[in-house]
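Hi everyone, thanks for coming. Have a look at the screen.

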Amino acid sequence: MEERTYTVKALTDIWTGDADGKPHRLITIGLLGSIRWWFEVLVRGLGGSACDPTRDGIRCPDHRVADPTKPGHHCVVCELFGCTGWARKFRFEVLDENGKPQQNQIKANQCFQLRFTPLRAISEKEWALLDLTLRLITEYGAIGGKTVYKPTEESHRQSVQRHQDFGLVKLVPHQRLYACTDHELRTFVSQQQWRSLNHGSFGWASAQNFWCVSGRHLSREDADHSSFNRVLGREESKSCLDCGQVHDPPQRCGKTNRLPRRRSEQNPTGNLEKWLAGGRAESKKVFSFKNPESARRTFGFVQSTDKLDEMRQRLKKNAWDNLGDNEFVTGGDILRRLLGEGGNR
């Protein structure tokens, strides 16, 4: 069983965060968790089921099936990444460009390696899904934490951490996919031996609901204008609800001596806007990256595929009135591109 090593170049710093929320150490399991999340997105996009390991009652295994080798015990994602009672099939290491364990935060322009060493047999289909996942991350998504930060055009705010870009990477060199077709992968992830779930409230996290615009970003333009907030449906102004002034962190409101209640941070009222903007312990559904310019991108998710054109129009109306139809790429198009590059026989 041969190991598989991917050489990756960081285009921005990568955030994994330790127990104290500090970025200085690389937390390997943080990167693996991010890879698994995108693997789940891919599997759902190909018509398979993927549990959410963060949710009680949803995560594998299905406790009604005691034997982990029996059908329905765990989903196809847990088959590779493991779950309680079923060990992960590989050892995961993050190495520096000299092949030594990477211990510090990965910084922009640094090359590093992701090594997957089989501990049990990994099928050709599983390798192909892993390849596709890494290609999806590097070409259209982002990896690690703090990917929800918003870019800004405000010169005095651009060095503030919450406006920095994290998690953009690219594969080095261009690596081809395992030779599996779309049909073969869809058949594999839909096999009856895998646990089948009702995805419910997390069903949006599917490659079919994904979209991406390369070369463009959303940002805060000044204290009163934000293309990011217009797309999310939040108020644009940063002014304080109590005094009407703008207080940049860590400033407090002079009237209340408390942290300001910004108009831009109030929850939207519409159901779609609430969903896009996220909230406490719930991610936004739109992500945008300004730097480096060569990897600039905006991506996100919709609730179902029939909402993709609505999102395209939302972006044209609120951010880019000259957005070309071919610039808005859907998850279905991306899967066809990725499989076409290396998966067709």
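So, to start: how many bridges join strand 5 to strand 9, and do the two run parallel or antiparallel? There are five bridges, and the strands run antiparallel. Before I go on, some ground rules: this is a predicted model, where local features need pLDDT of at least 70 and side-chain atom pairs count only at pLDDT 80 or more, while totals for chains, interfaces and linings use all residues. Residues are numbered from 1 along each chain as its sequence is written, and side-chain values use heavy atoms, with hydrogens and water left out.

A few words on terms. Helices (H or I, at least four residues) and strands (E, at least two) are DSSP runs, numbered from the N terminus. Two strands pair if DSSP finds at least two bridges between them. And in general, strands of a sheet pair through backbone hydrogen bonds, either parallel or antiparallel.

Back to strand 5, residues 210–214. Opposite Cys-212 you'll find Phe-299 in strand 9, and Ser-214 faces Arg-297 in that strand. Strand 5 also pairs with strand 10 (residues 328–330), antiparallel again, over three bridges. There, Trp-211 has Thr-330 as its bridge partner. Strand 5 is mostly covered, with four of its five residues buried; buried means under 20% relative accessible area, exposed means over 50%, and partly exposed is in between, using a 1.4 Å probe on protein chains only.

Now zoom out. These strands belong to an open sheet of four, in the order 8-9-5-10, with antiparallel pairing. Which strands stand at the edges? Strand 8 (286–289) and strand 10 do, each with a single partner strand, so one side of each has no neighbour in the sheet. From one strand to the next, the twist averages 15 degrees; the axes behind that angle are lines fitted to C-alpha atoms (for helices, over the stretch in contact), and angles run from 0 to 180 degrees between N-to-C directions.

Next, strand 3. Six of its eight residues are buried, so to speak "mostly covered". Strand 1 (residues 4–10) pairs with strand 3 over six antiparallel bridges, and Val-8 has Phe-112 in strand 3 as its bridge partner. Strand 2 (residues 90–96) is joined to strand 3 by seven bridges, also antiparallel. Here Phe-92 stands opposite Phe-116.

Quick stop at helix 4, residues 182–189. Leu-185, Phe-188 and Val-189 are buried there. As background, an α-helix has 3.6 residues a turn, so residues three or four places apart point the same way.

On a 1 Å grid over the protein atoms alone, a cavity is a set of points where a 1.4 Å probe fits but cannot get out, while a pocket is an open set with protein on both sides within 12 Å along at least five of seven lines; lining residues have an atom within 4 Å of a point.

The largest pocket holds about 830 Å³ of space. It's lined by 30 residues, and the closest to its centre are Gly-33, Trp-37, Thr-54, Trp-204 and Ser-283. Helix 1 (28–45) and strand 9 (297–301) are the elements giving two or more residues to that lining, and helix 1 gives the most, with seven.

The second largest pocket has about 600 Å³. Among its 23 lining residues, the closest to the centre are Lys-150, Arg-162, Arg-234, Glu-265 and Lys-284.

And how many cavities of 30 Å³ or more are there? Four. The largest has about 70 Å³ of space, and helix 6 (271–277) and helix 7 (308–318) each supply at least two residues of its lining. The second largest cavity is about 60 Å³. Its lining includes Val-8 and Phe-112, the bridge partners from strand 1 and strand 3.

Notes. Points joined across faces, edges and corners; volume = space filled by probe spheres on them.
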